Amino acid sequence: MLSRKSVLARLLANENISVQQGNFETAFFDVENRVLGLPLWKEMSGDLYDLLVGHEVGHALYTPSTKEELQVKGVPFSYVNVVEDIRIEKAMLAKYPGLVANFKRGYLELVEMDIFGTKKRDINSMGFMDRLNIKAKGRDLIDVQFSDEEMPYFKMAMAVETFQDVENVCRALVAWLSQKQDDKKDENGQDEAEQPPVTLDQLEDIMSQLSMPGEESEEEGKESEEEGKESEEETDSGESENSASGEPESEESEEESDEEKTVAGAGAGEVTDDLPEVETEAAQRSNMKNLAEDKSKLFIQGMTRAAFELVKTPYKDIIESREARQKEISDLGGSEFIAESMNGYDDFMNQTKQVVNLMAKEFEMRKAAFRSARARTSTKGSLDVNKLHAYKYDDQLFKQVTTLADGKNHGMMMLVDYSGSMGNVLPSVIRQTIALVMFCKRVNIPFEVYAFTTNDDLNRIKAIRAASSNLVRFDYEDLALNQLFTNKMSKMDFERAMKSFYAQTSQVRYLPRIERLGSTPLNAALLATQYLIEDFLKVNPVHKMNLITLTDGESNPVRSVSGIDGSYSREYMMEIKGKKINLEASYWGEHVTNTKAILEAVTGPNITTANFFICSRRDFKKELYRVLPYDVRAQDEARKSMTKDGVWIKNDCNGYNRRFVIVDSSNKMTGQSDDFEIAEKATANQIAKAFSKFSGSKKGNRVVTQKFAELVA
């Protein structure tokens, strides 16, 4: 919702204003910094959003740009605000007539919510400014009555066109309402100096001063010019020397000035304490605070596009950093170590190609089954003359045409955990990642692979902070998102990436700084994935998108960075792609619920998700008790599956469509190439067995391959 309204606000304002939704008490527009602030309300309809955005954009377009200009001496600011709201809303609705219905429905909704405090009161018994405020906002939907005395002032307020008109009207209203207050005091026996009331003729003079466009005649223009010349001449001749030199004016001039102000309704003295308060505006300010979401929760901003561009490192930089690191090791006398790290590369690639062919065959079979299941055979059309002789016993006399369903275009994105705890299994993870990349190339699927870890470089963190929101936000400052592979690579870059990536199976302790194993910022990586997927879909015509994560544990806890609208809380709310999610900040306990909420908001129903969770026997037991806390039978089935196949597959788990829980024992996922030996004339079964041995289980890999192909096909 916010992203759509941000675009709307910028279009209406005709400028690139900043739109922020945060822990604000009400909507506002900062005229100096050009920032539109929207609160987080419990119930916010589309009409209310349009009303808020349209109203505040009206201030952006038409209200003076400094706070000093908004102050009208001698007039309460609430009075100025009521009349100014009339002016800017009238201008907005004249410029954008399509907002008229939204404004009406939005204000009617606010009245029904009793935002203005009128539900249990008779509106027509309230003061003039309150009735003016309600009538101006509710228009013809609300019946508000004005007396014959009040009607000229009402029409005058509704006729404002410029901010100068607002000032004139406010002064006239203050003079008139002050006079009425004085009359009441006189009736109650209080001794007050009598002031002449503002006559109808004087009121008409005030209204004539309103700067109505196009109504000034040529004669009036000439008169004003002549008056201007005369005043200049007077100043030059020294007639106003006392005033110019700062000397006190005579008592007579002061009396004349006061009289002029009273007659014109200027009200230029101090604000009159006895003026009635605009109760509806005060109620609106107070009640809108109660419409905000639960105040125990802080609304935090997600990752900005500018920050995303900084946490992401393109594959060319990754390749160069690896090659620079290898040169550094060689220069220090480790050339033999570098050479040894590439031992077996060619054999591994050849062996993996055979396994990939089996995976591709399974995938193509699934795709073909999808098309065949949706094939349609026509039963009408052109007659088949060769079948006419059989018309007595066969009704299939037409030429039959079978139409196959269009195959889906697939796409795959993969996130690989580069946390410190992955060190022991990273060689095997690298090998399996290579197999998946080759599988995507084999079946011509667009793909991208990213590794996520943490980077504590201070200059990098400062740049990310500068590119982030100044409101309370999600803490992603140390996230490093490294692009490992993409289908857009050139053949040369792909070969360089493959070789340097494979070399890391022996160089886990000597990774370049940008790829060093850190903590597990999975939640931050998923937050960035919304932009990865968005950019991926722009350049790849994909019908079925798949997101695969490979991890060995839970994500880091959710943390926030304090902003101008709040600081720390234990509970947060964040908006992702128009969906608000609840998050909990805790350094202890499980953080799976946060990951699930972020994952579901980022992907939505149109993206298939899978997780390969590599764990120890102990972690596997914990996972059983967490996912299946009271289902003893299901726990036993999971143990049997792990014993038999080396993998436990659970659907709809932790926000993923399918999870593959794999136990890493001493003989599994070791990454040893000698576990992947295939004879020159090996059969398909022998190849499958070799791949099963490579992945750590004789049967598990076949199960994983089938279930994985079934999911992504």
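A helix here is a DSSP run of H or I at least four residues long, and helices are numbered from the N terminus. With that settled, note that this is a predicted model.

Start with helix H16, residues 345-373, where Lys361 is found. Is Lys361 buried or exposed? Exposed means over 50% relative accessible area. Lys361 has 55% relative accessibility, so it counts as exposed. Its C-alpha atom lies 9.1 Å from that of Val443, a residue 82 positions away along the chain.

Next, helix H18, residues 458-466. At its start, a side-chain oxygen of Asp457 comes to within 3.4 Å of the backbone nitrogen of Asn459. Which residues of H18 are buried? They are Arg460, Ile461 and Ile464. Viewed down the helix axis, the buried residues of H18 fall within an arc of 100 degrees, so they line one face of the helix. The cover over them includes helix H14, residues 305-311, and strand E11, residues 479-486. Leu458, Asn459, Lys462 and Ala466 are on the other side of H18, and these are exposed.

Last, a helix pair. H4 covers residues 77-95 and H6 covers residues 128-138. How do the two pack? Their axes are 10 Å apart, at an angle of about 25 degrees. Angles under 35 degrees count as roughly parallel, and H4 and H6 are therefore roughly parallel to each other. The crossing of H4 past H6 is left-handed. On the H4 side, the residues in contact are Tyr79, Val82, Asp85 and Ile86; they meet Met129, Leu132, Asn133, Ala136 and Lys137 of H6.

Technical notes:
Residues numbered from 1 in each chain as written. Predicted model: local features only at pLDDT ≥ 70, side-chain atom pairs only at ≥ 80, totals over all residues. Heavy atoms only, no water. Buried < 20%, exposed > 50% of the residue type's maximum accessible area, 1.4 Å probe, protein only. Arc of directions from axis to C-beta. Contact = heavy atoms within 4.5 Å. Polar contact = N/O pair within 3.5 Å; in protein donor to acceptor, adjacent residues only side chain to side chain. Axes fitted to C-alpha atoms, helices over the stretch in contact; angles between N-to-C directions. Parallel < 35°, antiparallel > 145°, perpendicular 65-115°, else oblique. Left-handed = near helix turned anticlockwise from the far one by under 90°.
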